[in-house]
Amino acid sequence: MDIHKKKNVVGISYNTVNVAGEAGDASPSTPIGINLPNANWIRANHGSKSISLGNILYAYGNAGSSGRLEEFAYSKEEIELEKKYGKDADNLHTALHEVIGHASGQIVDGVGTPKETLKNYASSLEEARADLVGLYFIVDKKMEELGISPSSKDMGRTSYDGYIRNGLMTQLIRIKLGDDVEQAHMRNRQTVSKWVYEKGLSENVIEKIVENDKTYFVINDYEKLRELFGDISDGSVKIIKKINEIKIPTFVILGNHDRGKDSTGETLSKQIRVLGGKYIAWDLKVFNNQINLLSARPCSSGGGYYLSKEVKGVYGPITEQDSINKIIKCSEKTVEDIPLIKKL
Ligand SMILES: [Zn+2]
């Protein structure tokens, strides 16, 4: 949403340096990059800097043999793409992760920093946010236009194959059998990979194949996968249930990406049922006696009057005039002298 976007983008820089020696926290296990500062208010007002440690990244990319790739990649094509684009795709994803991932957006006034609001989930979720931004944009034609990708399609495929293979399988070699995934980046990768795997099951976007006692995860539809990386809700009742757990007074106005995409409106109905009194559409509710909240038609996508199949499935064929009448009618309930927020 616009309130989460920075009005002016300030000083983002991304440089690569080669490391001659390291000490303190960076030794003996080295990071592959450094992002400073951490304080959100400095990042928002003055920008941030990302430095990638070039020779460390290079060494990291060359560590290990191709044996692991051949063991866990399903097709010859996947192996060839990885050999050809693997290192570059990894570096580009890391750069996007740092520069437009971590450095993007702003916290809405009055909302605490992730450390305050999300507590022990903050680091994993912040990493997930950065990864998702990188995954969404690495396949964008803009990467070619900017001259930073030889082929957005192939670099994208390589990066998606590698991400899913790693998130669901190969990163587990870092921990002992039976241990939990605890490190923030690893948790993030598993969260993102499992999420898109589960979300895409009905359309077979990522397929789990077991052959000769070996397990592979194969991507069948790269475009759908991109959509899943870019859209975390998509009518998920799981998210609605999480919202219901929030203890403070909450109202929910569903947007076009929440409609569920099942044409009958069944997913939408389910969300409405689960939300109960928290759901608003064509209605006015008073929040804490302090704010009037007016919601027009649900799942609206902006740009003219359009009623999706899902909304029609739940509410019937409502015309623009019906919709206007409903909004006027509910606005009569407005409590005067307190602010009104409307979502049309
Ligand atoms: Zn990160």
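Okay, let's start with a cut-off: a residue is buried if 20 or more other C-beta atoms lie within 10 Å of its own, exposed if 12 or fewer, and partly exposed in between, with the C-beta atoms placed from the backbone. N212 counts as exposed because it has 4 other C-beta atoms within 10 Å.

Now, the ground rules. What you see is a predicted model, where local features need pLDDT of at least 70, side-chain atom pairs count only at pLDDT 80 or more, and totals for chains, interfaces and linings use all residues. Numbering runs from 1 along each chain as its sequence is written.

Overall layout, then. The chain has 344 residues, and 25% of them count as buried. Its C-alpha trace spans about 70 × 50 × 45 Å along the principal axes. The domain assignment, which is automatic or taken from a database, gives domain 1 at 2–230 and domain 2 at 237–343. Taken over C-alpha atoms, the centres of those two domains are 35 Å apart. There are 14 helices and eight strands; these are DSSP runs, H or I of at least four residues for helices and E of at least two for strands, numbered from the N terminus.

Contacts next. Two residues are in contact if their C-beta atoms, placed from the backbone, lie within 7 Å. Of the contacts in the chain with a separation of 6 or more, 69% are between residues 24 or more positions apart.

On to the cores. By nonpolar core I mean a set of buried Ala, Val, Leu, Ile, Met, Phe, Trp, Tyr and Cys residues joined through C-beta atoms within 7 Å. The largest one has 28 residues, and I138, V196 and L225 have the most contacts inside it. At least two residues of this core come from each of helix 4 (76–102), helix 6 (122–138), helix 8 (152–168), helix 9 (184–199) and helix 10 (222–230). Helix 6 gives the largest share, seven residues. If you click on L225 and skip neighbours within four places in sequence, you'll find it in contact with Y160, V196, G200, V205, I206 and I219. Apart from that core there's another, of nine residues, including L254, A281, C299 and V314.

So which residues of helix 6 are buried? Among them are S124, E127 and D131, along with L132, V133, F137 and I138. Their cover includes helix 4, helix 7 (142–145), helix 8, helix 9 and helix 10.

A quick geometry check. The expected span of a helix is 1.5 Å times one less than its number of residues. Helix 6, with 17 residues, reaches 24 Å from first C-alpha to last, close to the 24 Å expected. Helix 8 also has 17 residues, and its end C-alpha atoms are 24 Å apart, which agrees with the 24 Å it should span. Helix 8 is mostly covered, with 13 of its 17 residues buried.

Last bit: the hairpin. Strands pair if DSSP finds at least two bridges between them, and here six bridges join strand 4 (residues 206–211) to strand 5 (residues 214–219), running antiparallel. I209 stands opposite Y216 in strand 5. Two residues sit between the strands, and N212 in the turn has a positive phi of about 45°. D337 is another non-glycine with a positive phi, about 70°. You'll find D337 in the loop between helix 14 (320–331) and strand 8 (340–343), and D337 is exposed, with 4 other C-beta atoms within 10 Å.
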